[in-house]
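Opening the notebook on this one.

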Amino acid sequence: DRQTLVAVLQFLRRSNLRESEEILRREARLLGDDLGAAALSPAGAGLLGAPGGDADAAGGEALLSRVTTAAATAIGGSAATLLLYSNGFAVGGGVAVEDQPDVSAVLSAYNQQGDPTLYEEYYSGLKHFIECSLDCHRAELSQLFYPLFVHMYLELVYNQHESEAKSFFERFHGDQECYYQDDLRVLSSLTKKEHMKGNETMLDFRTSKFVLRISRDSYQLLKRHLQEKQNNQIWNIVQEHLYIDIFDGMPRSKQQIDAMVGSLAGEAKREANKAKVFFGLLKEPEFDVPLDDEDEEGENEEGKPKKKKPKKDSGGSKSKKQDPNAPPQNRIPLPELKDSDKLDKVMNMKEAARRVRLGPECLPSICFYTFLNAYQGLTAVDITDDSSMIVGGFADSTVRVWSVTPKKLRSVKTAADLSLIDKESDDVLERIMDEKTASELKILYGHSGPVYGTSFSPDRNYLLSCSEDGTVRLWSLQTFTCLVGYKGHNYPVWDTQFSPYGYYFVSGGHDRVARLWATDHYQPLRIFAGHLADVTCTRFHPNSNYIATGSADRTVRLWDVLNGNCVRIFTGHKGPIHSLAFSPNGRFLATGATDGRVLLWDIGHGLMVGELKGHTDTVYALRFSRDGEILASGSMDNTVRLWDAVKAFEDLETDDFTTATGHINLPENSQDLLLGTYMTKSTPVVHLHFTRRNLLLAAGAYSSQ
């Protein structure tokens, strides 16, 4: 339109681009009489060859892009001009935005506005069309309601039509799916243009295109409708702010769509889950093990990678064959095994030989550790792999470590006393401990805010804790003192976890990124950025090559430790994610969230393969049994539930079609997978742990209300 043209000409003059201005004037005059026709021609089709060529070529971009291409070409493609053009244009409204912050750049995309009074009509027209379309298309097209509603509302607010915006919001916000209520609450507080400037939610919505997965038929239907109705306002939003991932084939049913949607930015693009993931386990190191004779029963398929599997031959030297899906052994550098680690593996194998085989007929016993009188507010729990120690992180900023065995916790003697010890004696490891310090409980002081995450190192020498104060601290369990404070997050750190091989650890926090650290570096090695809200929980894959993060943006991402890339994005939860667990064989991931659902994912195919319904409140703890037969989940609803993992993962449909389109068929009823529900009197479950013999330990703080 002429206004825009004038604005661009003025901009060129201000920027001393006389030459471009002249060309643009010439072109515009040339097109002056048929502006209307030219507005429809694709980007500069008629202009590139000979100015004034075929102006009524088939529909497409507006005159603007036509002019830019022409001008840039005519100048001989001068890079500087092209750049200026793209800067002025991409942002809309042809304004120079080089010196403005990103926010305004993002917001000014809302400049092209329609008649504010017609927005309700546009929206209800589309709503009527979708509700009257065939069932097969209705479910898919209904996904448009929420993103269109948000963008139309924001467009009204941005252009300062406050009363129209208010009435638009009131009329249609009730139609949105229940899982968007929290986002809508934030949205309803944005009523003036000024509010939009500093608002994070706002920026997320603007910068990340909302992703919808729609079949080609449904998309064609929508496009035809909008073009017939000349409903450009909605079409502009679809083009500008939504990313429509079109697939060929049957439209998805309401159930299939409901299972997958609900995250802050829609579903994941199918491309996001295509990368190859090495989900197999690393080969165990080989060394001879004196085994008892009773190890026949313990031939399990899939122990955790840090566990040594029981071997059939008493030499124990034949190691399991290399898993075809495993990463190369040296893909990321892992720490060497120390002698004490080898000893621990031997112990582990002996324990594993006595491990109980679990299943629907043989459920684990559950031992519940209740924290009584925890007035300090229990905020995190962890248990060592050999189940000898338990740690609690508290809201009063303390970290408390208990011994769960009769063996008390002791510190190492002072340097002066250590020098007197005969280093050659057999029991030197016993002698260095100071008996005078023995106690069942040690309290670690150092954080200056609630402690939200704790994690023991696999060798039980160290303990990590992360806190609201923005730091992650590494504590020695030999001296019970703080060794390092890792400062990288500027905001609360919600979770931290050691790698199954030790040395590396991960942390995630309010700054929306997860960081990978090594204990001997005070700077992070990797920063995993991509979530649109707090990273609430973090987990290492059993082979330590990948890290899963759950976030308040209601997605789970899988990151490659080697290069920091995001290799999987899982959407489907309807609330912030608070627990993650990998199956011991590394193939599957279980996730739990505030929506009370536990979702199961096939990592290799990037697909949701199960949904376990039963909990009525946030699922804070998930753990697979040592051989992966049972999944235990613990929740704020004061229950521990046991699920049949073998059955959940059998005969999965992971053919190429499903993988390509996301037509997942979840069993209607997850009750036949539920093996048991165990109530506590009034104790929310915050942590679960299977001992090496498959006894289930649970922990939580008694709440008196």
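Started at Leu187: leaving out neighbours within four places in sequence, I find Leu187 in contact (heavy atoms within 4.5 Å) with Phe149, Val150, Tyr153, Leu154 and Phe169.

Looked up the core next. A nonpolar core here is a set of buried Ala, Val, Leu, Ile, Met, Phe, Trp, Tyr and Cys residues joined through side-chain atoms within 4.5 Å; buried is under 20% relative accessible area with a 1.4 Å probe, protein chains only. The largest has 44 residues, and Leu144, Phe149, Phe168 and Leu187 touch the most other members. Helix H10, residues 145-158, gives the most to this core, 11 residues. Another core of 21 residues lies apart from it, with Phe279, Cys537, Val556 and Leu580 among its members.

Notes on sources: this is a predicted model, where local features need pLDDT of at least 70 and side-chain atom pairs count only at pLDDT 80 or more, while totals for chains, interfaces and linings use all residues. I number residues from 1 along each chain as its sequence is written, and side-chain values use heavy atoms, without hydrogens and water.

Checked confidence. pLDDT is the predictor's confidence in each residue, from 0 to 100; the protein averages 79, and 78% of the residues score at least 70. Residues 32-101 are below 50, yet I get 88 contacts for this stretch beyond near neighbours in sequence. Residues 293-319 are also below 50, with 76 such contacts in the model. Where pLDDT is low, predicted coordinates should not be read in detail.

Notes:
Buried means under 20% relative accessible area, exposed over 50%, partly exposed in between (1.4 Å probe, protein chains only). Helices (H or I, at least four residues) and strands (E, at least two) are DSSP runs, numbered from the N terminus.
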